[in-house]
Amino acid sequence: MSSQRLANILKNQSEEFQSLAATWLDAGALALDVWSNGHVLARWPAHQANPAAFLANLPTLRAPLRTGDNLIGELRVLGLADPVAQKRLQADAALITQLMRLEDDLDDMTAELIESQDQLVALYALAQSTRSSLDLPQALRSLASVTARLINAQVCIMLVNSSHYLEFISHPVSLLDTETLFALFERVQESESEILLDDESKEPPPTGVYNLCLVPIHIRGAVVAALGLLNKPDKFILPDLQLLRAIAGQAGAQIENVLLHQETLARTRLQTEMELATQAQLHLLPQHPPMVEGLGIYAESRPALQVGGDFYDFIYQMGRPLTFSVGDIAGKGMSAALLMAMARTAIRSKASFMPRATPETVMNRSNDDLYGDFAQVGKYATVFVGQYEPTQRRLIYTNAGHSPVIYCPAAGPARILMANGVAMGLPKRHAYTNQALALNPGDVLIVATDGFSEARNRAGEIFGFDRLLALTETVCHLTPREIAQGWFDAVNAFEAGRPQDDDQTLMVLQVQRSDAS
Amino acid sequence: MATILVADDHRVYQRMSSYTLRKHGHTVLVASNGHEVWDILEQQIVDLLLVSLQTTETTETTERAETAGMDALRLVQALRADDRYQHLPIILLTTRPQDYEQIRAQSEPVNVCLVKPISSRELVDTAHRLLGGRIVGGPV
């Protein structure tokens with residue numbers, strides 16, 4: 001408290017002092033003075049008719065303005081001398097002293113308020129500057145810089161250790177080695193609580209620092225980061241911890257924002273690649289079935305995911321019988337799609353370029369090519385390769401573990417054509433052999449993948465072969481496209497909105513009747 | 001240092017601005033309304049005027065502003081119309097950015113318009129920037 005404080009009060013409360021002086025003047029005093037440091041700070045009335053020498057000889061009542069041993073100034077009443085007036089003057093002095101103390105307290109509170117506002121403004125500015133920043137290391141460095149400055153610590157540290165992001169910052173210098181920092185971080189992570197180490201804590205701070213505060217940063221409910229301060233000249237007090245926690249909250253939001261953005265980018269990239277892969281795979285499948293005399297053909301594939309492991313293919317060259325294939329790589333998704341491309345290409349090349357290629361030779365040679373790769377990745381493929389000679393209406397086929405393959409004669413019940421060989425790519429190599437089947441007008445051959453037979457309904461029941469056989473008998477008189485649509489519709493209805501578990505592919509071959517157009 | 005007049009009808013902000021500027025060695029005079037601003041300017045030389053704008057759209061604040069006789073924009077325009085205060089550096093503090101745009105549209109009667117909240121550092125730096133080489137009263 002100082003005479004400056006007293007002068008300010010006199011200025012700010014001038015009306016009140018004027019009133020106080022008026023009561024003294026009304027009581028007979030000639031003047032009321034406030035003195036400090038040996039001179040008059042204020043006098044009422046301000047314009048004295050009496051000369052200074054006269055005033056100096058008047059009886060004077062005095063009351064000190066004192067706080068403890070500190071003499072700030074003095075109240076003086078000129079022209080009065082009675083004890084009652086003295087007591088009253090002392091009471092006035094006590095009130096004025098208390099007023100000065102309150103002004104000091106108010107100043108202290110104002111200073112704290114200003115500091116709090118400054119911190120809030122800084123936090124707001126920090127939030128604004130980092131909210132749209134997607135460069136996480138830069139944002140964290142800015143945050144560390146502002147935090148150290150706001151809380152007046154020598155160093156600010158930040159550690160981020162999520163499943164796919166690791167960052168460590170110590171601004172502006174490194175005071176602790178990485179091992180010590182990560183040990184502290186792990187403690188915060190496991191306990192999900194703060195660490196405060198100084199000369200008063202049970203555990204001393206690490207060598208190199210005299211105090212340390214580390215708070216957890218929660219992201220999506222887990223502690224994957226921490227924010228800390230080292231070496232604050234005064235010790236860490238509650239407002240420091242509160243501000244640090246507030247900044248940690250802001251940092252958590254910022255980190256989560258960036259991680260989300262990175263994940264979105266990665267997902268978008270993957271989605272784009274998947275779309276490209278889908279397009280590429282679609283182009284591997286024949287766009288249109290070949291025109292074969294006396295044979296109606298339809299084929300369609302519906303993968304469970306964007307890309308799948310099913311394939312079908314036609315190889316039809318002038319002067320050669322129609323060769324066709326349907327295959328199913330075990331599994332789904334990109335890995336199955338890659339193997340699908342390999343298998344389809346191997347079979348196509350054998351069927352196209354081998355002289356006198358038959359299903360048996362195509363399958364054996366393709367298996368020779370593919371066995372090594374399939375075995376290495378632990379995959380296998382069920383494949384049906386057929387060959388139709390239109391002039392003889394003769395079908396030759398070999399079936400490497402593939403089902404369902406349904407043959408529905410025009411006049412008789414539908415039946416399953418069983419596999420006569422194991423799936424391609426299985427450890428034991430197998431010598432595949434041809435089977436033959438004479439076809440008649442109206443006969444239907446459906447080569448499908450097990451996405452149909454193993455489709456499940458909401459009760460977990462599978463569609464099964466019996467349903468497929470019964471279904472085929474009801475639709476076999478329709479066109480190949482209609483037969484295929486009937487299969488898809490029946491299985492979709494059976495699944496009743498349940499997601500498709502596996503790829504669904506089928507090829508329908510129908511020997512046309514002589515009166516068919 | 002300079003004599004700065006803080007005109008703010010919000011006592012807490014008045015005190016905060018005064019404290020900040022006094023802490024940097026300036027003499028600070030305070031006014032709570034436009035009449036007091038004129039009274040002080042008539043009696044003392046002021047180097048810088050800091051005015052806090054009151055919103056005029058909420059009923060409570062309008063009543064308070066009218067009761068206090070305080071409309072910062074009209075006050076500033078009146079000061080600028082007076083030859084004695086044409087060049088008085090003026091900082092306007094407002095809580096609404098749109099007020100700033102309105103003021104800018106009216107031939108910029110103030111030197112600087114700051115949107116609250118501002119830090120004490122920004123207040124002091126702005127004041128010192130306007131005071132420059134210790135401007136005293138009249139023309140810059």
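In this predicted model, B:D8 sits in the loop between β1 (3-7) and α1 (11-23) of chain B. Helices (H or I, at least four residues) and strands (E, at least two) are DSSP runs, numbered from the N terminus. B:D8 is buried, at a relative accessible area of 2%. Buried denotes under 20% relative accessible area, exposed over 50%, and partly exposed in between (1.4 Å probe, protein chains only). A polar atom of the B:D8 side chain lies 2.8 Å from the backbone nitrogen of B:H10. The B:D8 side chain also makes a polar contact with the side chain of B:S52 (3.5 Å). Polar contacts are pairs of N or O atoms within 3.5 Å; within protein, one must be able to donate a hydrogen and the other to accept it, and residues adjacent in sequence count only if both atoms are side-chain atoms.

Residues are numbered from 1 along each chain as its sequence is written, and chains are lettered from A, with ligands numbered from 1, in the order in which they are written. Local features need pLDDT of at least 70, and side-chain atom pairs count only at pLDDT 80 or more, while totals for chains, interfaces and linings use all residues; side-chain values use heavy atoms, without hydrogens and water.

The interface was examined next. Eleven residues of chain A contact eleven residues of chain B, contact being heavy atoms within 4.5 Å. About 1,100 Å² is buried between the two chains, 59% of it from carbon and sulfur atoms. This buried area is the accessible area (1.4 Å probe) that two parts lose on being put together, summed over both. Two salt bridges cross the interface of chain A and chain B. A salt bridge requires a side-chain nitrogen of Lys or Arg within 4 Å of a carboxyl oxygen of Asp or Glu. A:E103 forms a salt bridge with B:R15, with the closest N and O atoms 3.2 Å apart. Helix α4 (residues 83-131) of chain A gives the most to the chain A side, with ten residues.

Chain A has twelve helices and 19 strands. Of its 517 residues, 48% are buried. Side chains alternate along strand β3 (residues 60-67) of chain A. Eight bridges join β3(A) to the antiparallel strand β4 (residues 70-78); strands pair if DSSP finds at least two bridges between them. A:P64 stands opposite A:E74 in β4(A). Two residues separate the strands of this hairpin, where A:G68 takes a positive phi near 65 degrees.
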